[in-house]
Amino acid sequence: MGVKLGDLVEARKIAIDDLAGRAVAFDGNNILYQFLSIIRGRSGEPLRDQHGRVTSHLSGLIYRNSNLMEAGVKIVYVFDGRPHRFKRTVIKQRQETRKRAVKRYEKAVKEGDAEKARRYGQQAVLATTDIIEDAKTLLTHMGIPWVQAPGEGEAQTAYMAAKGDVWGAASQDFDSLLYGAPRHIRNLSITGRRKLPRKNVYIKIEPELLELDKIMRDLEISRDQLIDIGILVGTDYNPKGIRGVGPKTALKLVKEHGTLEGVIPHIKDAEFPHPVEEIRELFKNPRTTDDYSLEWSKPDTAAIIGFLCGEHSFSQSRVMNAVEKMNRGYARTSQKTTLDRFFG
Amino acid sequence: MFEVEVSRIDPFRSLVKALSVIVEEGTFTMNEAQLKLLAMDPSHVAMVDFELPGGFFDSYRCEGEPKLSINIKEFLRFLDRVDRDEQVRIVLNTEKARLVIHCKRGGHSRRFEMPILEPLDEEVPQPKIFFKAKARVTTDALRMAIRDASLVSEHVRVEVEGDLFKVNAEGDMGSSFSEWTRDSDDLLELKVDEDSSATFTLSYLSDIASAAGANSEVATLELSTDMPIKMEFEIPQGRLVYYLAPCIGV
């Protein structure tokens with residue numbers, strides 16, 4: 001879910017090649033959720049292996065990442081740890097939405113309504129422990145380092161980006177900006193085409209870059225103020241935000257009154273489930289860890305084939321094709337010398 | 001305007017494949033005599049310098065000096081759909097920003113359209129290197145040595161030492177050595193101003209050698225110690241040259 005800042009911030013379209021040789025930290029849970037909801041058969045059901053286990057996430061991990069790796073992107077995955085207690089409301093909400101969606105999905109499948117099955121199927125997605133463990137196993141085989149965050153994955157990606165250990169943080173949500181990531185990349189984990197909700201229409205999706213400095217400069221606000229805007233609009237820690245306050249109103253209010261505390265007396269129904277200074281603090285000083293090492297290793301062909309083709313019924317030729325892309329990518333990212341230094 | 005026709009797709013497709021192993025998006029520049037592409041791979045480790053005269057095609061028509069920026073890999077995917085016995089006409093439609101591939105066999109015609117891209121304004125310079133050694137070898141021998149090396153390593157060392165041309169690799173799984181003397185039928189020429197050697201990422205070299213080698217019997221490699229290698233693949237018409245940056249400290 002995350003913070004909705006889309007209307008305020010202007011993204012710059014980038015090409016995957018622009019990321020060649022750069023390390024990008026992915027919000028793993030967010031990406032897996034994308035894969036699970038988007039990678040589906042025509043009638044809306046997720047991909048499964050011969051034992052009936054869901055494999056949509058594995059399909060996304062191997063094929064999408066192999067394309068990024070081939071282009072020379074140095075991928076890091078970060079997985080969520082324990083959610084903060086302030087997130088309980090949001091988690092409960094999601095569980096309920098999901099329960100409803102599961103029922104509707106099953107009904108739609110029974111009735112053969114593909115459009116509804118797809119819609120509810122996407123909402124019914126759940127990243128179970130098995131799914132996350134499978135993902136970690138596959139990433140290890142692929143030579144992609146992954147990091148276990150103590151708390152929010154996005155807080156950890158932002159921390160690593162701010163430290164300079166990675167170039168940018170990738171997620172579909174905007175939260176990493178609030179957590180202080182200098183560069184935030186969207187649309188990187190999904191393919192070039194994406195289905196529009198509730199329409200049988202596909203649009204072209206291009207990766208886009210958001211830069212924290214530029215956002216603060218363009219909007220003429222500080223990072224604290226950006227966080228305050230997020231809180232007014234609604235975050236995972238206060239999902240409702242303030243009724244009737246969207247990103248544009250929030251920006252105007254925060255600029256007019258300086259801080260959230262300054263804004264509150266001027267709005268009706270200013271209620272927050274937790275003290276605002278504590279919510280703000282969760283963005284400014286989230287739980288993060290230095291306990292990680294970013295080392296990219298050579299993809300382990302035998303292990304990948306064994307895992308995907310042996311255990312999960314993937315096509316060997318398609319997987320081999322992906323492995324070759326990964327190997328090329330690995331050779332590229334591990335080569336330090338470029339031609340540039342030999343030019344005139 | 002730009003329009004070409006070919007009655008046999010294979011030789012052209014094979015050349016495009018040789019470009020696609022290096023270039024993702026590339027800009028062809030055309031004039032009335034020929035088309036050219038000078039482009040680097042996304043991580044600037046390899047470069048290709050390609051020229052193809054109009055005479056390569058059954059018909060070649062070009063007015064002015066148009067540029068054509070396309071995703072080469074996508075272009076190849078379309079060409080892969082063309083059947084051997086189809087007549088192919090490739091037309092640049094500047095107004096619609098499309099490259100159109102017409103295929104025709106008897107009364108059956110198919111058409112593919114792909115978007116053309118905004119040309120990047122970056123001038124690609126050529127490396128300025130003074131090469132100290134040169135070996136002209138058959139591409140078969142070169143490919144065999146590279147395949148040998150790929151058994152044991154991700155890197156390969158290319159070396160000219162005295163009267164020997166060598167391609168060696170060492171890795172955890174073992175090592176592989178190929179050597180040619182001037183007596184070899186595969187070593188057509190060897191020129192040595194100074195013993196030279198450099199190490200390269202095998203996957204690049206192997207992609208290049210197999211894709212370019214499919215178009216060419218003989219390649220001339222030029223080398224200096226720890227400098228990029230220049231590989232010129234002899235093709236019936238035109239020019240197909242690659243530069244590959246060395247790995248230093250491997």
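Predicted model: local features only at pLDDT ≥ 70, side-chain atom pairs only at ≥ 80, totals over all residues.
I started with the interface: chain A and chain B bury about 2,000 Å² between them, and 60% of that is on carbon and sulfur atoms. On chain A's side, I found that A:R332, A:L339 and A:F342 lose the most area to chain B, together 34% of what that side buries.

Next I looked up who touches whom. I got 17 residues of chain A in contact with 29 residues of chain B.

Then I went for the charges. How many salt bridges are there between chain A and chain B? The count is one. I tracked it down to the side chains of A:K298 and B:E154, with N to O at 3.0 Å.

Last entry: B:N168. I found this residue in strand β12 of chain B, which covers residues 164-171. Is B:N168 buried or exposed? I call it buried, because its relative accessible area is 12%, and the cut-off for buried is under 20%. The side chain of B:N168 reaches the backbone nitrogen of B:S178 at 3.4 Å. Leaving aside neighbours within four places in sequence, I listed the contacts of B:N168 as B:V156, B:R157, B:E159, B:S176, B:F177 and, once again, B:S178.

Technical notes. Residues numbered from 1 in each chain as written. Chains lettered and ligands numbered in written order. Heavy atoms only, no water. Contact = heavy atoms within 4.5 Å. Buried area = accessible area lost by both parts, 1.4 Å probe. Salt bridge = Lys/Arg side-chain N within 4 Å of Asp/Glu carboxyl O. Helix = DSSP H or I, 4+ residues; strand = E, 2+ residues; numbered from the N terminus. Buried < 20%, exposed > 50% of the residue type's maximum accessible area, 1.4 Å probe, protein only. Polar contact = N/O pair within 3.5 Å; in protein donor to acceptor, adjacent residues only side chain to side chain.
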